[in-house]
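Reader: Hi! I'm new to this one, could you walk me through it?
Author: Happy to. Have a look first, then ask away.

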Amino acid sequence: MKLIIKENSANGSLWAARHIAEKINAKAKVSDKPFVLGLCTGSTPIETYAELARMVKAGEVSFKNVISFNMDEYVGLPESHPESYHSFMHKNLFDHIDEPAENIHILNGNAPDLDAECEAYEKAIAAAGGFDLFLGGIGEDGHIAFNEPFSPLTSRTRVVTLTEDTRIVNSRFFGGDMNLVPKQALSVGVATVTDSKEVVILAFGPKKARAIHDAVEGAYSHMCTVSALQNHQNGIIVCDEAAVGEIKVNSYKYFKAVELAEKL
Ligand code: PGA
């Protein structure tokens, strides 16, 4: 695992957007196959999406041959609800880039058979060729997608129950009322994410510091599902200074030295 530590979230977001664009462009140079991209929602990726939209408009990257799969969606929330992840993705990314509508995949939290929806999602990811890059955020409890503590690190796309902590954190999008936050979601599994050739996780702000400590210096454990990246050949966590506030000085120096040596 690599930790890219930028001075603030703005620079971390720019780094992530440019990294994703470079990877899309690099594949397009050598292959006609689509670039398969995993995407996330939340406050964290907004600036990265804004930079990607700018790059598309400036002709620096194109999503015409990108197929995307989002990591999760609430169960039972209408797609048109302003806080559905369908709404979020269109507002913050898809309305501003050139990705064909048929290439966009988001789990349907209103499907009549939720298990069948999850199974079909895994099959569609495999049929697309598997992920080239998965972009994610992390929860304050170290969750990746909605894989809350005690989710198996081998998990696949399925129906999950949100913890009370996550519903309290997400209540800020629902007028501060946790009772309005859906109790369940559909989520890709930890293994769905770690199967990706590359995983890029964004973590900004002091509220993520404990999760970053657990992910980087803690055990490989279902207690902090993003710790699964410890076993990934190409896992990158992009942080700001605040998010690395709880790692050891020596760990900080190590990751900074790698970043400098590899000019990341
Ligand atoms: P956030 O959510 O970006 O809004 O902090 C991240 C997450 O819960 O995975």
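Reader: How do helix 1 and helix 2 cross, and at what angle?
Author: The axes of helix 1 (residues 9–30) and helix 2 (residues 46–57) come within 8 Å and cross at roughly 50 degrees. Helix 1 is therefore oblique to helix 2; angles under 35 degrees count as roughly parallel, over 145 as roughly antiparallel, 65 to 115 as roughly perpendicular and the rest as oblique. This is a predicted model, where local features need pLDDT of at least 70 and side-chain atom pairs count only at pLDDT 80 or more, while totals for chains, interfaces and linings use all residues. Residues are numbered from 1 along each chain as its sequence is written, and side-chain values use heavy atoms, with hydrogens and water left out.

Reader: Is that crossing left-handed or right-handed?
Author: The crossing of helix 1 and helix 2 is right-handed.

Reader: Thanks! Which residues in helix 1 meet helix 2?
Author: Among them are Ser9, Leu14, Arg18 and Ile20 in helix 1, and on the helix 2 side the residues include Glu51, Leu52, Arg54 and Met55 (contact means heavy atoms within 4.5 Å).

Reader: Which residue does Glu259 meet in a salt bridge?
Author: Glu259 pairs with Lys6, at 3.1 Å from N to O. Glu259 lies in helix 8 (residues 249–262) and Lys6 in strand 1 (residues 2–6), so the pair ties together parts that are 253 residues apart in sequence.

Reader: And is Glu259 buried or exposed?
Author: Glu259 is buried, with a relative accessible area of 9% (buried means under 20%, exposed over 50%, partly exposed in between, with a 1.4 Å probe and protein chains only). Lys6 counts as buried too, at 14%.

Reader: What about Lys23, which residue does its side chain meet in a salt bridge?
Author: That would be Glu198, again with 3.1 Å from N to O. Lys23 sits in helix 1 and Glu198 in strand 9 (residues 198–203), 175 residues apart. Lys23 is partly exposed at 33% relative accessibility, whereas Glu198 is buried at 6%.

Reader: Back to helix 2: how far apart are Arg54 and Glu51 in it?
Author: They are three residues apart, so about one helical turn separates them. Their side chains meet in a salt bridge at 2.9 Å, N to O. Arg18, Glu51, Arg54 and Glu60 are linked in a network of salt bridges.

Technical notes: Axes are lines fitted to C-alpha atoms, for helices over the stretch in contact, and angles run from 0 to 180 degrees between N-to-C directions. Helices (H or I, at least four residues) and strands (E, at least two) are DSSP runs, numbered from the N terminus. A crossing is left-handed if the near helix is turned anticlockwise from the far one by less than a right angle, and right-handed if clockwise. A salt bridge is a side-chain nitrogen of Lys or Arg within 4 Å of a carboxyl oxygen of Asp or Glu.
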